[in-house]
Amino acid sequence: MKKLLSLAFLVIMAGGIASAQPRSAAVQNTLIRNATVLTVSHGTLTNTDVLIRNGKIAGIGKGLKAPEGARLIDATGKFVLPGIVDAHSHTMMDGGVNECTRSVTSMARVQDILNPTAIGIYRELAGGTTSALLLHGSCNSIGGLSSTVKLKWGHTAADFPFPGAMPGIKFALGENPKRTNQNNPGVPARYPATRMGVEETIRDAFARARDYKRDWDDYRAAIARGEKNVAPPRRDLELDPLVEVLEGKRYVHSHCYRADEILMLIGVADDFGFKIRTFQHVLEGYKVATEIARHGAGASTFADFWGYKMEAYDAIPYNSAIMVRHGIVVSVNSDSDETARRLNIEAAKMIRFGGLTEEEALKLVTLNPAIQLGIDRRVGTIDLDKDADLAIWSAHPLSVYAHVEQTFIDGELLFDRQADLARRPQLEAERKTLEAADANKPPAQGGGPPRAPSAIRRANAHEDDNQEREDNQR
Amino acid sequence: MKTIERKAAALLAVLVLVPLVQNARAQDTDRTDSQMTNTPAPTYVIRNARIVTVTGADIENGTIVISGGRITAIGATASVPAGATEIDARGLTVYPGMIDVGTNMGLVEVGQGAPGTVDLQELGEMNPNIAAVWSINPHSSHIAVTRVDGVTSVLSMPAGGIISGQAAFINLAGSSPREMAVVPEAALVIQFPRIGGGGGGGGFFQAQQAVTPEAITQRDRRLENIRHMLRDAEAYGRAQDAYRKDPKSVLRPMTDLKLAALVPYARGERPVIFRAERERDIRGAIRLAEEMKLKPIIIGASEGWKMAAFLKEHNVPVILDGVLNLPLREDDAYDSLFENAAKLQAAGVRFCISAGDSGAQVRDLPYHAGMAAAFGLSKTEALKSVTLYPAQIMGVGDSMGSIEQGKIANLVIADGDILEARTNIRYLFINGRQIPLVSRHTMLNDQFKDRK
Amino acid sequence: MQTKYLRFPEALAVAMALACLLVLALHPVGAQRHSGTDTYAITNARIVTVSGPVIEQGTVIIRDGLIAAVGAGITPPPDARIIDGTGLTVYPGIIDASSTLGIPRPSPSPTAGGGGGGGGGFAALFGQNAPSATSPNSTQLPGMQPEILASDIIRPGGTEIEAARNAGITTAQTAPRGNVFLGQSAVINLAGDTPQQMIVRSPVALYIGLAPIGGGQYPGSLMGVFSSVKQALLDARRYREANEIYERNPRGLKRPGQDKSLAALLPVLAGRMPVAMQAEREREVDRALDLAREFNIKLIINGGLEADHVAARLKAMNVPVLLSLNFPKRTAAASPEAEPETLRVLRERVEAPKTAGRLAAAGVRFAFQSGGMTSITDYLTNAAKAVEGGLSHDDAVRALTLGPAEILGVASQLGSIEVGKIANLTITRGDILDRTRRITNVFIDGRPVELRPAATERGAGRPAAPPTPTPEPNDY
């Protein structure tokens, strides 16, 4: 009997442990029936089915047959949109968005600090967002290395980085890297303090990177020649990514606002022979759209957030439309856990401000950011063989009245409004049970002061500008 | 309208608009405004419009006459006075201008990095005599930016301290605060004393205040200070009245501006807006108000839905300015703030929706209401939450908030549902004057959109 | 007629010689002169050897600091001081697999604890992480100096060590405090008048923590912590290569700068010294494992609150866990003003005691540590809770004794009651994991320790430190 119990115990334990491991089990297939499918790539298809099999979009058409064991969703009256891609996010980052202590922190990696349990992930899924570019903050002229992720709620961190996405690095220009809006009595001032210094910091870093690359090229050549007595140059994690930028192997995403600094960075990039992949925020991009287009950069901007800093004072909601009309690949992003839940509305605004068509507006949050991040072969539209990253909406996503019913990533159902509603009483019950457990009872006597409510996280609070607290907390 | 007057009007429009376009960078909406308020209000007739009155049935194909700053006639057909400017609104919808009663409009130009433009909060905890109306910049670029997107009136509140000051109910047109003000000292604003969490936008490392006995004592002391000041104000008011009635025999009381400012609020004649988000604080604010016989309004009320019955029972209206905030707690349902309005409405609580912004994003007001409608609030209620209800809650419901004869002509003519993001505003009227749809944004757009 | 007898003096000499020979026979050549006071016999006791089956009634003989004999039916030597073990149980000395015992506390800094409030988060971590020592002429900032040796800075005695002993602990791994590179640990016995008498093994492991330095110094964020560790390991590799090349033939080469911080990392790179890395949450354990794999270094997980979520990977990479018994505890009083606690925190408190059982079931090696608990009497209490949470009693005892000894490389000296091992014993009335057990005797290095049950609170005699909440890596 004891042996049986031990065996049972082991089986249960093994099962318990297995369920905590990354999912290797097959994901249930799904057939979505009779929806209005906003493909983004080839128009709107009414009364159309979408078949998800083995994590991919396996069928788009009328009257598709469901494979055995597939989940059936009646989407009559509902809309299917590709998962929204947020090209500027700081969700799910542990231990600080910024490494503020130096002007160049290209050694810092967002990939080292992913927090897969951040509740922001789930809330974004509930808003139809499925992928994000997780960026280092804007504390530094050259910041850390970014991570493009799929928001795979419930998975371990290893499952989040988007397979095959181009690596990226964050630059920042203007007020934030020169720290003029921060007031930190204990912290020593850090170069640069002017836009001139921002430019100089970037030039200097790339000049060093160029020399570093030459040193390593020379070293490798010497070894190839058979020389024995050569010591390798120092491998420098700060300069390695900059060499990758020079070699076109790493995308540059640069936070910027003012027209002059946009032109400045284009000049630096041209001098060193690399391309900027996206200008981020780029709120004055409309003033220099011609130059941005000529350089070949994309732009990832706010819909209409403006006026909160001097460098944002000339921002206008027509920014996206003007840049689109100049042939620039434009995306609309959030830079905010809050806004990332409703990028559909941010896209809809761009129809009104500048007259984008419905399809152009939808592209701003689906295909265009996917192109910018180098993941458009896999996501951004509803097309056969693309990843089944999509959401089912209760109404047209460009309507304020729409909400998300279900969200899929790689065909896995990661958000389901009905399931969420059903879970609430269970969670309440669980809370009551947990609070009654011995481990959770307050100490019999004395005890320290409990925590008070924390501050409200308001809408329109953008993380790039919430840096004072990070500097001040030491 | 006679041809010559039409030509004159066109000429006037050209003379006004051309210099505006050339001067894109200046705060130049004042040039528009000064012609708005200092000249006699013209007469307009809007024809062939769909009219959303808000208080009654929609009129599918109707006429509105505006004269002397007011709506003088509405109907399927209405008699049109001579000399009226005609507006053909075929295919368009007329709405009341939207109203946001939770802003700091005009008190902040650039929030970060330009402290000279920030007049949001004064030093000190008790500032009842600080009135926003004296600090609102009528030429702030936020004003035109906001009104061209359909918000025509706001309540602008000071912030900070405990008794922050007095809020002003203003139309978003006028070249001085007095011209803009509908009710210059409309409400007292009190940040209801609470433990924990400073104001502002949070952040990753918000220092967590502990609920220490000291924190509780401090909170209670602040509450007592409020009571104390209100009682003093009440006594002060009586003393002033007695002196006025009989200056010969009653001793002249010393002037106290703070107490003088508080008197109408202490007497329950004007409303007091309490900032309170959590259940405990909302309850505490209402109890304080009832104890001191004030007329309370709660702004914030993130947890209002948990105590809807209480709010209804005590008949306290609520300004919801956090629809798009992140949920208060990690464990809160993802839509807890989206659904707040619908739950309050279902329980019969008086409410309205605000964008809760200092100025730049007040124009997002319709989308806050739209989100509430995506999560349970009916479309008609959502529209009321940004038109009629805020007017009623601020006590101007008989002159604003809907399209009814005799009300102030604050109107917006749009090419679709005004809560939808893709809808365009085609015509704007404030105080019965047509306002050009020109703002800092439109001017910069015009300047750069065709740059090659 | 005359018989040939030894005359008395000669007989005495012979007798004495024989006696000497007898004495020598009984004591190996080279044995020190024993005072007659260092032999003990604990008789008639239940003996839990851990390495073998339990001896229900037996005797342990201690001589000269080592275990001389253990078993049933052993007659104590005549010089032994007898301790009647009737009704008592003898265990190997309990080991605390990770602590800061003996490391002097930094002098209280004015900002410690005052900055971010008492509620956890990085501000609290920073206050606790002020580096224990500064290495002279180092290329690195304090808090980033892997060359710091615990053995160089430990001090004997003190109330913390005394409190630990009173709680039955005889041995601990101890490491300096710091931010990122904390220094190299030592295994010490908790008795002795000099550091040399305490040290059992040094160095043992290089400790790596996760606390940014801050105050404008790099690293100022968790990203920076990881990057600085990786850069240091890369630099150490290069240092080794450059020195090897230079030593072969210095001519024509610029000399590599001397750097003792990088030199201290070489045993880690060579796999001779493990890294003990702070990791509580699942993702932190994964990050530590990723780092170990990238640099092919030996890893020990320090903390392991959610290590059971990563059990398969830990087993596959053969990484042991120093599992903290400082279970998250609710320290806050109830108050109507308080925020409700998050489900995450509530679940964590209930789940924490179950981690050990799950690790055992998954075949992951682990040992218990005190994890910085302020009340060291909770050590055995919480070990008992782990048994309630699913760990077998024997596995729990092992995790307090032979388990840590094996992980810390001192298994030939400590961790079980075997002949030749150091005589560290914890003797109890009642099973060691029983709530009602009493610690009756503690032997360290073969000498009994005076127990003062009243002084079992760590820090007794000094003003009590405020309860330190379990730090959370993120607080938003």
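Which residue of chain B forms a salt bridge with A:D304? What we have on the screen is a predicted model, and I'd like to walk you through two of its interfaces.

So, the partner of A:D304 is B:R363, with the closest N and O atoms 3.1 Å apart. That pair belongs to the interface of chain A and chain B, where the rule finds ten salt bridges. Polar contacts come to 30 residue pairs between these two chains, counting pairs with both residues at pLDDT 80 or more. On chain A, the elements giving two or more residues to this side are α2 (119-125), α6 (289-295), α8 (343-352), α11 (417-436) and α12 (468-472). The largest share comes from α8(A), with five residues. If you like to think in residue classes, this side of chain A divides into 33 nonpolar, 13 polar and 25 charged.

How much area is buried here? Between chain A and chain B, about 6,800 Å², with carbon and sulfur atoms giving 53% of that. Three residues, A:W306, A:R352 and A:Y401, supply 13% of the area that chain A buries against chain B, more than any other three. In terms of contacts, 71 residues of chain A touch 76 residues of chain B.

Now let's turn to chain C. Here 64 residues of chain C are in contact with 62 residues of chain A. The buried area between them is about 5,100 Å², and carbon and sulfur atoms give 56% of it. On the chain C side, C:Y218, C:M223 and C:R238 supply 13% of what that chain buries against chain A, more than any other three residues.

The rule finds five salt bridges between chain C and chain A. One to click on is C:R287 with A:D94, at 2.9 Å from N to O. Several helices of chain C supply at least two residues each to this side, among them α2 (122-128), α8 (282-295) and α10 (343-351). The one that gives the most is α6(C), with 13 residues. By class, this side of chain C has 27 nonpolar, 17 polar and 20 charged residues.

Finally, a word on confidence. Chain A averages a pLDDT of 92, and 92% of its residues score at least 70. Over residues 11-24 of chain A, though, pLDDT is below 50. Residues 468-474 of chain A also stay under 50, and the model has 28 contacts for them beyond four places in sequence. Where pLDDT is low, the predicted coordinates should not be read in detail.

Thanks, and happy to take questions!

Terms used
Residues are numbered from 1 along each chain as its sequence is written. Chains are lettered from A and ligands numbered from 1 in the order in which they are written. This is a predicted model: local features need pLDDT of at least 70, side-chain atom pairs count only at pLDDT 80 or more; totals for chains, interfaces and linings use all residues. Side-chain values use heavy atoms; hydrogens and water are left out. Contact means heavy atoms within 4.5 Å. Buried area is the accessible area (1.4 Å probe) that two parts lose on being put together, summed over both. A salt bridge is a side-chain nitrogen of Lys or Arg within 4 Å of a carboxyl oxygen of Asp or Glu. A polar contact is a pair of N or O atoms within 3.5 Å; within protein, one must be able to donate a hydrogen and the other to accept it, and residues adjacent in sequence count only if both atoms are side-chain atoms. Helices (H or I, at least four residues) and strands (E, at least two) are DSSP runs, numbered from the N terminus. Ala, Val, Leu, Ile, Met, Phe, Trp, Tyr, Cys and Pro count as nonpolar, Asp, Glu, Lys and Arg as charged, and the others, Gly among them, as polar. pLDDT is the predictor's confidence in each residue, from 0 to 100.
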